[in-house]
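Grab a pencil and open the viewer. Here are a few exercises, each with a solution you can follow step by step.

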There are 4 protein chains.
Amino acid sequence: MIRVGVIGYGYWGPNVVRNLRSLDGCQVGGVCDQSPAALKRVNQTYPDLPVTTKPSELLISTAIDAIAVVTPVSSHFELAKAALENGKHVFIEKPFTSTTHEAEELIELAERKNLRIMVDHTFLFTGAVRKIRELIDEGVLGDLYYYDSTRVNLGLFQHDVSVVWDLAPHDLSIIDFLIQAKPEAVIATGEAHLNGLVDIAFITIYFPRSTIAHLNVNWLSPVKVRTTLIGGEKKMLVWNDLEADEKIKVYDKGVQKNNGQGLYDLLVSYRSGDMWAPRVEQSEALKVELDYFIECVTKGRTPLNDGAAGLRVVKMLEAADQSLKASGRAIEL
Amino acid sequence: MIRVGVIGYGYWGPNVVRNLRSLDGCQVGGVCDQSPAALKRVNQTYPDLPVTTKPSELLISTAIDAIAVVTPVSSHFELAKAALENGKHVFIEKPFTSTTHEAEELIELAERKNLRIMVDHTFLFTGAVRKIRELIDEGVLGDLYYYDSTRVNLGLFQHDVSVVWDLAPHDLSIIDFLIQAKPEAVIATGEAHLNGLVDIAFITIYFPRSTIAHLNVNWLSPVKVRTTLIGGEKKMLVWNDLEADEKIKVYDKGVQKNNGQGLYDLLVSYRSGDMWAPRVEQSEALKVELDYFIECVTKGRTPLNDGAAGLRVVKMLEAADQSLKASGRAIEL
Amino acid sequence: MIRVGVIGYGYWGPNVVRNLRSLDGCQVGGVCDQSPAALKRVNQTYPDLPVTTKPSELLISTAIDAIAVVTPVSSHFELAKAALENGKHVFIEKPFTSTTHEAEELIELAERKNLRIMVDHTFLFTGAVRKIRELIDEGVLGDLYYYDSTRVNLGLFQHDVSVVWDLAPHDLSIIDFLIQAKPEAVIATGEAHLNGLVDIAFITIYFPRSTIAHLNVNWLSPVKVRTTLIGGEKKMLVWNDLEADEKIKVYDKGVQKNNGQGLYDLLVSYRSGDMWAPRVEQSEALKVELDYFIECVTKGRTPLNDGAAGLRVVKMLEAADQSLKASGRAIEL
Amino acid sequence: MIRVGVIGYGYWGPNVVRNLRSLDGCQVGGVCDQSPAALKRVNQTYPDLPVTTKPSELLISTAIDAIAVVTPVSSHFELAKAALENGKHVFIEKPFTSTTHEAEELIELAERKNLRIMVDHTFLFTGAVRKIRELIDEGVLGDLYYYDSTRVNLGLFQHDVSVVWDLAPHDLSIIDFLIQAKPEAVIATGEAHLNGLVDIAFITIYFPRSTIAHLNVNWLSPVKVRTTLIGGEKKMLVWNDLEADEKIKVYDKGVQKNNGQGLYDLLVSYRSGDMWAPRVEQSEALKVELDYFIECVTKGRTPLNDGAAGLRVVKMLEAADQSLKASGRAIEL
């Protein structure tokens, strides 16, 4: 039985608590939040749960095996470090840390203490991303040409990070999972319109073998869009995460190089066939992920979304920030 | 009565001929194409129209007042220059020329000869773009935050230009028309997967006063998308050009800066109201544009889509190419 | 403080309990269900709530002021009657009863005992239906020409009632609320394909002044559709309840009668203008409704969705059944 | 070489002429219309085509082998009869005739004269309907449960026929082609709001083996809808004719009967799998159909959309009219 202390009960924390409580092999040992209103909400829903405004009560408690850090990124390092130092495993919100340096220190500490870190890259546990990975692994798409994501909506502005650190971690963790290659360079452009923080940004990431990824993140869009195009040599797909059903559509469309000779011959030709929407598993991703966290902790396994995965995402975020500040200069990774 | 000679009867030429023939005050004086198959198609549809494989027959004919150049961009300069030298007005496909130098020479020549140049920026004559310009001019949107366009589909690969020169001129001419400011810098990223020409590209253009434009152009998309988000201080809109009706949706949504004081206060707040889809004029844009061309030629007026407008687009295209070659370096304009 | 006993904790009961618990002025006094698994779910979520498998425990309890009947329709009459006889107000699932006779008896009993009956016509408390009623009341739509609803999906087959009694009550209660006139006749067609119960049905209801309503209900549709067209003399609207935003689109489109004279003159002409999607209140309808129930009980008010409203819906359902059995014969109301 | 005279050059006639001219083995021998404006349009587009306002000029011309009747239905019988009597094959707009009696007389006359009649059921020559028929013939859908079509838009009001005779022939000809069984009974409801002609109607058609068809036709809809649901025992499909691609989506969804025993056991269960959008042939249907007409005439073959097919549609239209007049009474066929 793994006892988890949850620090942070704002937007995402309630989902973590609800799912942890629904799992076998796991107990919620307490909830911490600085806000009395948040703790009151905990009491109303779970009258049996101990609450506190002091993180240290959970961090040093001997009745706690693991800490879920569900706070703004600025506090991640300090809380995760304290948890690890007190011998507790860590489940931590994305993005992992504010800097690569912090991430590296936490990874090193966890290794020394033989503790697990899992970064909450929830999308890796959705049916949609799992299905896309399956299509890639089985060679259905062929070599990857591009990953092109649009992730825009009105708000939520965070008061301490830009839209890059708020929305891009989703795609960066997915890209890391799907492309399975080391990125070569990051170029980012964008603009701040309201409070000095970038609220619209466009990030290009170059990978080996001509694979290119592009992210369009925007807090000032009148409509919510969560659409990703993925182009492969053999097939292409559209993933629309807002669709209730048919989230993924695989198109039997493609392009072949020709040996065009005359001036007016097209050098490529097109193939257009059926479209196919595979059934996608509908389980709640966070529940699958937390179940996996408990399993990794119990059996001492390294999760796929471990500290190293979190670090890879933070590196890309840092590079995007650098590129933004340097007017789109390519930042090598 | 303006007599127009049309050079080029490939994909777009037939539309130019059909519309010219439907206009009052205008006659098609002849059609030229290098391909006998193309000329056979002319004969079948318009048995009365003279055809030729030699451009010079139209360029020097005294029975011709204006030349419509509807050929690949590589031949634009030579054909337009010959037309102007022979005292003929020019209607010319987008992009205007292959280089800014060519564009400048043609503009200078036309001025010297007192002839009109109109660059076929067709979109400026659509009901949708006209309506958006109206909304901007009337202050409905407020200060412009961003223009973000996605223009992707499968093919058509051109054998001589990249996707940037094929698809981006549409948006660049629209941006020039809507934003009405001089761009400051262009940053482009992209990749070539098949025949050495860039087939997917992402272009950011910085304008004064924090207005940012972004173009996503792609020849390798399984689905056709023609969607532009435009965000303003007061209102935001979505223009989906593939919608039969309701091409433009104006959202009474917005963001206000707050004087948040506590650490956890949001610094901005959101407003969410009605959505409104103004009726958009459905006339065929090319017909409206060619009618305007005849009027400009007849009355000696300078069209809004003159050589200078064409040059502004070519400058942005050149800058995008330069940025692509320099790994996303910002090219100042 | 009104104390409510909830009978039935299947699909809908948990929503009733959750919302009742969130209201001021109301307490859930206990939950009854025949299924031990259902009661276990109650315990897990609300460890403090008394549960029972015996309805009578709630029906006769002096600590209970009102009973929520959230069971299949076949048990409605018996449970509601017992509740009223024991002096308790009744909140009851749609459809109100299995027969008009039962409905009339309950109405009479409640009147005699001076108790409230509220039939759970939840849709009347949605922002969308409220907004449509507002548009009608303000004369925006003009005289109503038609109400045409498509309400189809795959399942849920009920084991005791047809698709008519399962899905049509929603539209019938909405029609009753919006058209505000006495229906004249009902004609229904349909077919049973699996277990002897009609699984696809088409119901036409004639109202005075040429207003016609039509319902398309189907348990065998591969896709879920919840779309209603409402045509008025002045404006028309589309209500798509599956849209996250923009549930209602009001079209400034219409038809005018002409005085066409020649044989080939059209006798009508069309008007096509803007479209407008009014902001729709997003509150959970069931919460609004239950809050209203508590208010009606507390202040002794007659709810708009009282027993009489429930009876009007049951009358139309009975007529639809009769028409189905008589091969589409019109049943006068 | 089959020479075709075309009578009627209003909305649809120009398409007939354009396609006939594009076919090998066929010539347009002349065009007749009562309206001088229509004939002027013919002249502008096809300066070589003889035109006339007198049908008899084409009907008795020895230079004409076949007559295309593209006029309002009220004139079909007279024109087709004259054509047949003068030894000419007939291509005729839907609906075939105004009455079953007229249809029977024309069929008998054509047989006696050994001439072909083809009724313009254009939809039977679309890639979409062909593909659906293929799916049915190959048993992919299994036994048909239902055909449910929504065919609504704003206008076009015809001055001489109701929405039933204007829009329903499309679906009736498709149903005849797909279900391949004799209908048993027709029930229709509807209403007239403007000029005395029914402008909204709902038609149910009962077929053997529990197959049911339903048509929703409406001239007063603010939006255009062309969506048909087809449910089969094994699979179900949605045909949205307004989609540019993916017109047909086949769902691997279905229902199985169970041997539920307990009162609360569901008697059916659901299966939910992939969705699949087969590639659909994009050729212009009218061109395919007219090519087939020329082939049938040349080779003396009976077309699938012959007079008998036209008669079957007219019978259903007549029954719908009768049912409408008799308040939804079932009309046996």
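**Exercise 1.** Find which residues of α7(B) meet which residues of α9(B), then work out how the two helices cross.

*Solution.* Keep in mind that this is a predicted model.
Step 1: on the α7(B) side, pick out V164(B), W165(B), A168(B), P169(B), L172(B), S173(B) and D176(B). They meet A309(B), R312(B), V313(B), M316(B), L317(B), A320(B) and D321(B) in α9(B).
Step 2: sort this contact by class, and you get ten nonpolar, one polar and three charged residues.
Step 3: look at the axes of α7(B) (residues 163-179) and α9(B) (residues 307-325), which come within 9 Å and cross at roughly 130 degrees. Angles from 65 to 115 count as roughly perpendicular and those over 145 as roughly antiparallel, so α7(B) is oblique to α9(B).

**Exercise 2.** Describe the side of chain B that touches chain A.

*Solution.* 
Step 1: count the residues: chain B gives 43 and chain A gives 43.
Step 2: look for the element with the largest share on the chain B side; that's β11(B), with six residues.
Step 3: sort the chain B side by class, which gives 24 nonpolar, 14 polar and five charged residues.

**Exercise 3.** Work out which way the residues of β4(D) point and how β4(D) pairs with β1(D) and β5(D).

*Solution.* 
Step 1: A66(D) and A68(D) point one way, I67(D) and V69(D) the other, and all are buried.
Step 2: β1(D) pairs with β4(D) in the parallel sense over four bridges, with V4(D) opposite A66(D).
Step 3: β5(D) also pairs with β4(D) in the parallel sense over four bridges, and here V69(D) stands opposite I92(D).

Note on methods:
Residues numbered from 1 in each chain as written. Chains lettered and ligands numbered in written order. Predicted model: local features only at pLDDT ≥ 70, side-chain atom pairs only at ≥ 80, totals over all residues. Axes fitted to C-alpha atoms, helices over the stretch in contact; angles between N-to-C directions. Parallel < 35°, antiparallel > 145°, perpendicular 65-115°, else oblique. Contact = placed C-beta atoms within 7 Å. Nonpolar A, V, L, I, M, F, W, Y, C, P; charged D, E, K, R; others polar. Buried ≥ 20, exposed ≤ 12 C-beta atoms within 10 Å, placed from the backbone. Pairing = 2+ DSSP bridges.
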